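Here is a short walk through a two-chain model, from one chain's fold to the place where both chains meet. Have the structure open as you read.

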Amino acid sequence: MVYALVLVPAILMIVGTALIFVLKDTMHAAVSLAFIFILNSLIFLMLDQPLLALIQLFIMVGGVSVYLFVGVASSSYSNFKHTNYFLFAGIAIVLFAITAYGAYSSNAFQSYQLTNSFGISEASAAFSMSSTIISLYAITFMLFILALGSLPLLNRLRVT
Amino acid sequence: MFNYLLLLCFALFSLGVAGIASSKHFVIMVLSIEVILVASSLAAISFYSYVVSASILPVLFAIWAIAALDVIGLVVFYRHLARHKVSLDVTKLTKFGEK
């Protein structure tokens with residue numbers, strides 16, 4: 001039952017992603033991206049992570065997408081046919097085949113199916129993550145500071 | 001279930017990379033990066049839901065921070081290009097630098 005429930009947003013996500021490159025207007029592409037964000041948070045909800053789904057919805061749809069609408073997509077500036085469809089489809093199919101074949105042919109998937117541990121034990125993975133949590137927090141903090149600091153800097157350089 | 005979610009992540013990642021490679025619109029290329037970030041967040045949360053029992057929040061915060069920084073950079077650069085009335089076709093940006 002859960003498989004079928006996840007299958008619907010999964011298909012809609014792939015269709016929405018393709019629509020970004022098919023639609024000519026950037027506003028429509030941004031709406032399609034917001035649709036993908038909503039479906040992504042829906043999948044989070046199906047994976048029993050309601051808090052993360054809510055945060056994802058607030059940040060990506062409420063923050064990033066709205067900022068994208070207001071800042072870029074609302075003015076239809078510089079519209080032109082932007083994507084070579086055949087090149088897009090060819091690269092996507094080849095890359096998907098390479099990544100999926102590379103993952104499924106490796107021993108990692110087989111060991112995951114046998115031991116339910118994806119080739120590594122839960123304890124070792126949890127330990128490695130706990131040792132990198134501080135660096136991840138530091139990277140996040142640096143990125144936020146960089147984003148905030150870039151605005152007065154660019155204003156001083158008369159870019160904005 | 002985990003395998004299907006991982007396949008979805010591969011598909012989204014492939015579409016994002018193909019979008020960057022085949023598109024010449026600056027905004028669409030940045031939207032492709034957002035698609036890749038969506039795929040990475042989905043891979044992270046599926047990995048943590050089925051394999052590792054640890055806190056996923058730092059990873060997701062890092063991904064969300066990169067996505068927000070990406071859009072802020074897009075808006076700033078977009079306004080800069082629009083002020084100088086330059087096309088968003090990335091193949092013409094070299095001419096903009098020669099001015």
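Predicted model: local features only at pLDDT ≥ 70, side-chain atom pairs only at ≥ 80, totals over all residues.

Among the contacts in chain B with a separation of 6 or more, 53% join residues 24 or more positions apart. The secondary structure behind them comes to 4 helices and 0 strands, and the order from the N terminus is α-α-α-α. Chain B has 99 residues, and 61% of them are buried.

**Where the chains meet**

How many residues of chain B are in contact with chain A? There are 69, and they touch 72 residues of chain A. The size of an interface is often given as the accessible area lost when the parts come together. The two chains bury about 6,400 Å² between them, with 79% of that area on carbon and sulfur atoms. Helices H1 (2–22), H2 (26–50) and H3 (57–83) of chain B each supply at least two residues of the side that touches chain A. H3(B) gives the most to this side, with 22 residues. Sorted by class, the side of chain B that touches chain A has 51 nonpolar, 13 polar and 5 charged residues.

| Kind of pairing | Count between chain B and chain A |
|---|---|
| Salt bridges | 0 salt bridges |
| Polar contacts (both at pLDDT 80 or more) | 4 residue pairs |

**The nonpolar core**

Which residues touch the most other members of the largest nonpolar core? They are A:Met13, A:Ile20, B:Leu31 and B:Leu42, in a core of 58 residues. From chain A, helices H1 (2–22), H2 (26–46), H3 (50–73) and H4 (85–105) give two or more residues each, as do H1, H2 and H3 of chain B. H2(B) gives the most to this core, with 13 residues.

Leaving aside neighbours within four places in sequence, B:Leu31 is in contact with A:Ile20, A:Ala29, A:Ala30, A:Leu33 and A:Leu68. One of these partners, A:Ile20, is also among the residues that touch the most other core members.

**A residue in a loop**

Finally, take a look at A:Asp48, in the loop between H2 and H3 of chain A. A:Asp48 has a positive phi of about 60°, although it is not a glycine. Is A:Asp48 buried or exposed? Its relative accessibility is 65%, so A:Asp48 counts as exposed, the cut-off for exposed being over 50%.

Notes
Residues numbered from 1 in each chain as written. Chains lettered and ligands numbered in written order. Heavy atoms only, no water. Contact = heavy atoms within 4.5 Å. Buried area = accessible area lost by both parts, 1.4 Å probe. Salt bridge = Lys/Arg side-chain N within 4 Å of Asp/Glu carboxyl O. Polar contact = N/O pair within 3.5 Å; in protein donor to acceptor, adjacent residues only side chain to side chain. Nonpolar A, V, L, I, M, F, W, Y, C, P; charged D, E, K, R; others polar. Core = buried A, V, L, I, M, F, W, Y, C linked by side-chain atoms within 4.5 Å. Buried < 20%, exposed > 50% of the residue type's maximum accessible area, 1.4 Å probe, protein only.
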